[in-house]
Amino acid sequence: ENYLKAKDFFQLSLNKWKELNNKSKIIKVLSWLSLSLLETENESSKSQIILDFDKRFNGSFIYEEDRIAINWNAFKIYSSMGDDLRSKTPLQSAYNEIMKRASLFELEENRQSYIENIRMNQDIINTWEKINSQKTPS
């Protein structure tokens, strides 16, 4: 039920940003809408959702403050469709953005707090570490 409510909210928001032709807001809302739709739609609809998101995501301008969330959402969207190859790039981008921002803190305890106490950051780092620990050495 929560996914259905979220889907309706995100759809209204997406329609408004499309009306205003704000491309960076469109991709942000579309990433959240896509996740909601993936939880509520049937298998045939999911392919269309991914195509629409993918078409807008690739090459889109993303505001710096939105990069972590949008790339994390893109990772989850591609992963949900079993597209491990395409899911790696946004995961790497989200991870790199977290590390870049963490490096801006002067105090180590603040860096660690930023990495460990923000749930999304921790989820991204844990996923990145898990995937990268599974790589076989060349």
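Which residues of α2 are buried? Let's start there, and walk through this model together.

First, some ground rules. This is a predicted model, so local features need pLDDT of at least 70 and side-chain atom pairs count only at pLDDT 80 or more, while totals for chains, interfaces and linings use all residues. Residues are numbered from 1 along each chain as its sequence is written, and side-chain values use heavy atoms, with hydrogens and water left out.

Back to α2. The buried residues of this helix are Ser-24, Ile-26, Ile-27, Val-29, Leu-30, Ser-31, Leu-33, Ser-34, Leu-35, Ser-36, Leu-37 and Leu-38. Buried means under 20% relative accessible area, exposed over 50%, and partly exposed in between, with a 1.4 Å probe and protein chains only. The helices are DSSP runs of H or I with at least four residues, strands are runs of E with at least two, and both are numbered from the N terminus. α2 has 18 residues and reaches 25 Å from its first C-alpha to its last, close to the 26 Å expected at 1.5 Å a residue. That expected span is 1.5 Å times one less than the number of residues. Among the elements covering the buried residues of α2 are α1, α3 and α4.

Now, the core. In soluble globular proteins, nonpolar side chains tend to be buried together. A nonpolar core here is a set of buried Ala, Val, Leu, Ile, Met, Phe, Trp, Tyr and Cys residues joined through side-chain atoms within 4.5 Å. The largest one has 19 residues, and those with the most contacts inside it are Leu-14, Ile-27, Leu-33, Phe-53, Phe-57, Ile-77 and Tyr-78. The elements giving two or more residues to this core are α1 (2-20), α2 (23-40), α3 (43-57) and α4. α2 gives the most, with 8 residues. Apart from this core lies another, of 13 residues, among them Phe-75, Tyr-95, Ile-115 and Ile-125.

Next, the rings. Rings of Phe, Tyr and Trp (its six-membered ring) pair if their centres lie within 6.5 Å; planes under 30 degrees apart count as stacked, over 60 as edge-to-face and the rest as tilted. The count comes to 9 aromatic pairs. One of them is Phe-53 with Phe-57, stacked at 5.1 Å centre to centre, with 15° between the planes. Because these two are 4 residues apart in helix α3, about one helical turn separates Phe-53 from Phe-57. Phe-53 is buried at 0% relative accessibility, and Phe-57 is buried too, at 10%. Trp-72 and Phe-75 are also stacked, 5.4 Å centre to centre and 10° between the planes. Both lie in helix α4, 3 residues apart, and both are buried.

Last stop: α7. Here, the 15 residues should span 21 Å, and the end C-alpha atoms are 21 Å apart, which agrees. Its buried residues are Asn-121, Ile-124, Ile-125 and Trp-128. They cover an arc of only 95° around the axis, so they sit on the same side of α7; the arc is that of the directions from the helix axis to the C-beta atoms. The face turned away from this buried side carries the exposed residues Arg-119, Lys-130 and Ser-133. And what do the buried residues of α7 pack against? They pack against α4 (67-80), α5 (84-102) and α6 (108-116).

Let's finish on Asn-121, which is buried with a relative accessible area of 3%. Leaving aside neighbours within four places in sequence, Asn-121 is in contact (heavy atoms within 4.5 Å) with Ile-68, Ile-98, Tyr-114 and Ile-115.
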